[in-house]
Amino acid sequence: MPELPEVETIARQLRGLVVDRTIRDFESRWIRLTDPEPAEVVAARLRGRRITGVRRRGKFVVFDLDGGDALVVSLRMTGKLLYGVDGVDERYVRGQIHFVDGTTLRFSDTRKFGRMAVVDASALDAKGERPRPRAPLHSSLGQEPLARGFTLSWLRSLLRRRPRAAIKPLLLDQRAIAGIGNIYAIEALWRARIHPLRKAGSLRPDEIARLHEAIRWALRKGIRLGGASRRDYVDARGRQGRMQREFQVYGRAGAPCPRCGRPILRTVVAGRGTFHCPHCQRAPRSERAARAMTAAPRPRRP
Ligand SMILES: [Zn+2]
């Protein structure tokens, strides 16, 4: 699933490809692509509009349109925005934006989880300070981790507000911090030497400082390498990223930890496959106790 670095890569490329193009028409080939709006309503809002900018918010690609609206695209698992790419498999094209100059931006998505919506652009900049659980995700996204506002003291106060949350699921909460997904959370926690199950409130000041640095390090490295391609991700020109060659722990169960040489462990945290080094990332005391319990031999019946 594309995370911040992948979506940032796509948005930067599209900026050079579609800005200043005017939309002639929008065509949906999948009934749920524009849920809950009918495709016709979305098409009517797009027709004749000029794209003034392309950017990223969280894991969404945002096309700013003249007049103040924005087209928001959620790529989810397998969505791809392709421009000027030959040989696109027509079976997986779920939507197309035709420009007046005759070119086309295509949305290809094998799994069909991706969505498109036209929204008021100002809704995207709300910072999710007040929790609005029923608001659509794009209008209640949290802090951008590469923005100036993501300071050490901001992170410290987030952890203080959510002391009982396990740190890894908290990093994945898009309403807290927008854009971090499974891969970059795993890589950042390894770099910061923090176990994924540590409670946010238990992190010491030096650990929070390491985590702050590690989050930005992992995301910037991902952007520099054009994102990570595992199964599906390709950029707007149909090319794979290179970050997958640089994973320290992600997908490396059993391989030696690049820092201490001991084998990387795969576990499941809050339903997501997780990788960590059991030596560099010490488990919280409660977790060690639970493991000792399951490992202990059952008392024999007399
Ligand atoms: Zn290690």
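1. Glycine 226 follows helix 6, and its phi is positive, near 75 degrees. The model is predicted.

2. Helix 6 covers residues 205-224, 20 residues in total. From first C-alpha to last it reaches 29 Å, close to the 28 Å expected at 1.5 Å a residue.

3. An α-helix has 3.6 residues a turn, so residues three or four places apart point the same way.

4. Now the metal. Cys257, Cys260, Cys277 and Cys280 coordinate the zinc ion through their SG atoms, at 2.2 to 2.3 Å. Their spacing in sequence is C-x2-C-x16-C-x2-C. The arrangement is tetrahedral because the 4 donor atoms subtend angles of 100 to 114 degrees around the zinc ion. Cysteine 277 is buried at 0% relative accessible area. Cysteine 280 is buried too, at 14%.

5. The salt bridge count is 23. One of them joins arginine 50 to aspartate 20, 2.7 Å from N to O. This pair links distant parts of the chain, 30 residues apart: arginine 50 lies in the loop between helix 2 (39-46) and strand 2 (51-57), aspartate 20 in the loop between helix 1 and strand 1 (23-28). Arginine 50 is partly exposed at 32%, whereas aspartate 20 is exposed at 51%.

6. Other pairs include aspartate 35 with arginine 32, at 3.0 Å, and glutamate 40 with arginine 47, at 3.2 Å. A network of salt bridges links Glu8, Arg12, Arg56, Arg57 and Glu144.

Definitions and conventions. Residues numbered from 1 in each chain as written. Predicted model: local features only at pLDDT ≥ 70, side-chain atom pairs only at ≥ 80, totals over all residues. Heavy atoms only, no water. Donors = N, O, S within 2.8 Å, 3.2 Å for Na, K, Ca; no water. Tetrahedral: all angles 85-135°; square planar, octahedral: opposite > 155°, others 65-115°. Buried < 20%, exposed > 50% of the residue type's maximum accessible area, 1.4 Å probe, protein only. Helix = DSSP H or I, 4+ residues; strand = E, 2+ residues; numbered from the N terminus. Expected span 1.5 Å × (residues − 1). Salt bridge = Lys/Arg side-chain N within 4 Å of Asp/Glu carboxyl O.
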